[in-house]
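Look at the sequence and the structure shown here.

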Amino acid sequence: MCSEDRISILPDHILCHILSFLPIKEAVRTSIISTKWRYLFASISTIEFDRCLLSGLTDRNVDSFKNFVDRLLKFPDQVSLDCFRLSDGISWNDEDHDFDVSGWICAALCRGVREIDLHLDNLGDVLTLPAVLFTCHSLVTLKLNAEGSKIEVPSDVCLGNLKTLQLRNSVVDGDSINRLISNCHVLEDLAFFECFLAYARELNIQTPSLKILVLEFDVVEYRGFNYVLVINAPNLVYFQYTDAVAEGYALSNMKSLEKADISIYRFDSSDCETSATHLIQGICTVRSLSLTIDEVRNLACGVSTLCA
């Protein structure tokens, strides 16, 4: 008794949407179902590559993988992309395989991608991303994990539709990050996870549209750089702050703040209580506050420990 193939009679755009939820390898395998399915995978709106795709491949097969990615991103009659993701440590500077990661990013941008999520390995000291990434009007979400490398931000930045910006395990200098933030005019979610803010006299966040702000800096490994934290965010709802004591705080117009999680780390000579007072005064209208003050002690061997 033959059963009817009800899936294949669905419109192509619905089938492509379904394929977008599959790992790329599984999506490609559907091309053997019938002639209708042969090229559907090339029109999926979410493209994700990770290191698992390379496991067990010979050098020849890896070259075939590179060619496949090039063709997939530059396929004729291509549709716009919802998401382009490189995860689980695809290498940026891979001397063995020479992945054209920069070219892949540019191809995704040419397809009007809305979200880019990059977790890259083997970056060296500095990660220089394509300049066009910072002037892309289609981009709504940008997530970067630079694995301890410094992210270079070009002088020309205009991300007019970016609503979510998340940096993880990255080094950013003050001028670059202030330039980036100030040119994201509709930003709603800004987060730094385990990042290091280098050579910054001031971290300036004045974004009326901002609703979520997470500043989680690497306290123990990187220290000795002091800055003034300036925040003016009238629509901010949630604020998380983890860092050593800043040189000063200028927090204003945070009347919509509902919840704040504050963790301050004091080194031996810092006046933590005074700084904490200034910080709390800036968010005095918050409805729910969690405040933690810890001391970082330097041991003779050079290892730092946290003491509540």
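In this predicted model, start with Asn 232, whose bridge partner in strand S14 is Ser 252.

In general, the strands of a sheet pair through backbone hydrogen bonds, in either a parallel or an antiparallel way. Here, three strands make up an open sheet, ordered S10-S12-S14, with parallel pairing. S10 and S14 (248-252) are at the edges and have a single partner strand each, so one side of each has no neighbour in the sheet. From one strand to the next, the twist averages 0°.

Which residues of helix H5 are buried? Within the stretch 174-182, they are Gly 174, Ser 176, Ile 177, Asn 178, Leu 180 and Ile 181.

Asp 175 also lies in helix H5. Is Asp 175 buried or exposed? Its relative accessible area is 59%, and exposed means over 50%, so Asp 175 is exposed. At the start of H5, the backbone nitrogen of Asp 175 has a side-chain oxygen of Asp 173 within 3.2 Å. Asp 175 can also be placed relative to Val 153, which is 22 residues away along the chain: the C-alpha atoms of these two residues are 9.0 Å apart.

How values were computed. Residues numbered from 1 in each chain as written. Predicted model: local features only at pLDDT ≥ 70, side-chain atom pairs only at ≥ 80, totals over all residues. Heavy atoms only, no water. Buried < 20%, exposed > 50% of the residue type's maximum accessible area, 1.4 Å probe, protein only. Helix = DSSP H or I, 4+ residues; strand = E, 2+ residues; numbered from the N terminus. Polar contact = N/O pair within 3.5 Å; in protein donor to acceptor, adjacent residues only side chain to side chain. Pairing = 2+ DSSP bridges. Axes fitted to C-alpha atoms, helices over the stretch in contact; angles between N-to-C directions.
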